[in-house]
Amino acid sequence: VLFLQIVHILNMTSAKIVSFLLHPEESLHSLQNRIEFETGISTGNQELLLETGICLDPRKPASQCVIDGVRGWDSYMVYLFDKSKTVYDGPFASRSLSDCVNYIVQDSKIQLPIPQLRKVWAEAVHYVIGLKEDYSRLFQGQRAAMLSLLRYNANLIKMKNNMVSASQQLKAKLEFFHQSIRLDLERYSDQMAYGISSEKMLKAWKEMEEKASQCAQAEDIVYLDEQIMALHTEIVELQKSPYARRQGEVMESLEQRAIDLYKQLKTRPPDHAYSDSTDMVKIIVQTVQSQDRVLKELFGHLSKLLGCKQKIIDLLPEIEVALNNIKEADNSVMQMQGKRQREIWHLLKIACTQSSSRSLVSSSLEGTASTPAAAWLPQGSSGNALPHPLSSLPAPQEGENFADVIQENVNYLELFSSILQEVRQEQNSMMVS
């Protein structure tokens with residue numbers, strides 16, 4: 001018996017406790033099926049919380065419900081919530097009276113012998129204590145729900161911070177992209193008259209600018225930010241609410257009064273005297289009324305907690321979608337920026353090729369023109385060209401021909417033609433890309 005594992009489940013929708021004997025190595029799913037049979041809450045809608053607000057892990061065995069501690073396994077509770085409901089409004093009936101206590105409640109002025117009255121009052125004290133403990137357990141369940149809400153809120157804050165950070169990065173990249181593409185378009189327009197032009201590339205750049213403007217829609221997270229801020233305000237108000245703190249002071253004082261009355265009766269000698277139960281019945285009635293009031297406040301506050309938690313659950317997928325959209329827009333902007341830079345470098349390559357071809361052609365022309373001129377200019381002893389009259393110009397040497405000069409010009413012409421062909425191929429390939 002000492003090694004048996006028993007789990008106590010407090011159903012927060014009905015304020016009733018159900019207990020289960022755990023089988024060795026029983027899975028949590030198996031326990032949830034048994035809970036569904038007892039409570040009618042389907043396994044998909046069950047949320048089992050520990051006192052710390054941690055949800056039970058479905059990958060672990062059902063024995064995680066039983067925690068060895070100072071209080072012992074027989075007093076530890078697991079709190080059951082129905083995820084399909086966000087409003088817990090009862091009615092929650094108080095625990096039933098025993099026959100003898102109900103007897104004196106029906107007629108508080110009835111006279112009973114002292115020995116019999118002691119037994120009845122002992123059960124009455126037990127009933128009052130039980131009402132207070134019922135409230136304490138339900139309050140602990142509300143506290144577990146609050147801790148669970150705060151865990152969800154922490155996750156919401158983390159996702160919100162990631163979303164805001166990604167949005168700010170996208171905004172900065174878009175500003176840089178717009179400024180750089182405007183500058184590139186201006187510089188491209190300036191050089192079109194004397195440089196390289198490509199209508200297809202110019203059209204692609206303008207389409208990039210329009211697409212970047214569309215990507216700016218992904219950074220608009222104002223509507224989500226407003227909802228998150230409203231939720232944060234609501235959670236803070238729930239934490240500050242007086243119903244978030246224990247409201248059982250009245251019940252505790254009534255419990256103490258019932259114990260004192262019983263002690264006074266216990267000191268009376270067991271003679272043939274009789275007495276009524278008016279004072280004890282007043283305490284019972286006041287305790288029931290106090291429990292009804294605090295439970296109404298407790299479950300009203302619990303419904304607000306669960307409603308707030310459901311709002312967070314609904315918001316998390318929206319934030320995930322917004323975060324994915326921001327990442328996709330960010331990748332698109334970076335790809336467009338890289339593509340444009342590759343095109344600019346491609347233009348630069350073509351410009352350099354044209355420049356080199358021009359320099360080669362000019363140098364070949366200069367070389368061709370200087371060769372015959374040098375042959376006709378006489379040289380002096382000092383190495384400087386001296387003016388001579390036309391009659392004194394030396395005649396061409398005998399046997400001289402211009403075959404070498406002509407061959408050299410033909411070679412330069414073939415080189416120039418090949419360079420022009422390469423340039424045309426580069427321009428065509430750029431326009432196709």
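Modeller: Start with burial: buried means under 20% relative accessible area, exposed over 50%, partly exposed in between (1.4 Å probe, protein chains only). At 17%, Asp134 counts as buried. Arg137, at 22%, counts as partly exposed. This is a predicted model: local features need pLDDT of at least 70, side-chain atom pairs count only at pLDDT 80 or more, and totals for chains, interfaces and linings use all residues. Residues are numbered from 1 along each chain as its sequence is written, and side-chain values use heavy atoms, with hydrogens and water left out.

Colleague: How do I read a salt bridge, and how many does the structure hold?

Modeller: Side chains of opposite charge can pair when their charged atoms come close. The cut-off is a side-chain nitrogen of Lys or Arg within 4 Å of a carboxyl oxygen of Asp or Glu. The structure holds 11. Asp134 pairs with Arg137, with the closest N and O atoms 2.8 Å apart. Arg95, Asp134 and Arg137 are linked in a network of salt bridges.

Colleague: Where do Asp134 and Arg137 lie?

Modeller: Both are in helix H3, 3 residues apart, about one turn of the helix. Helices here are DSSP runs (H or I, at least four residues), numbered from the N terminus.

Colleague: Which parts does the Lys173 and Asp330 pair tie together?

Modeller: Their closest N and O atoms are 3.0 Å apart. Lys173 lies in helix H3 and Asp330 in helix H7, so the pair ties together parts 157 residues apart in sequence. Lys173 is partly exposed at 29%; Asp330, at 12%, is buried.

Note on methods: Helix = DSSP H or I, 4+ residues; strand = E, 2+ residues; numbered from the N terminus.
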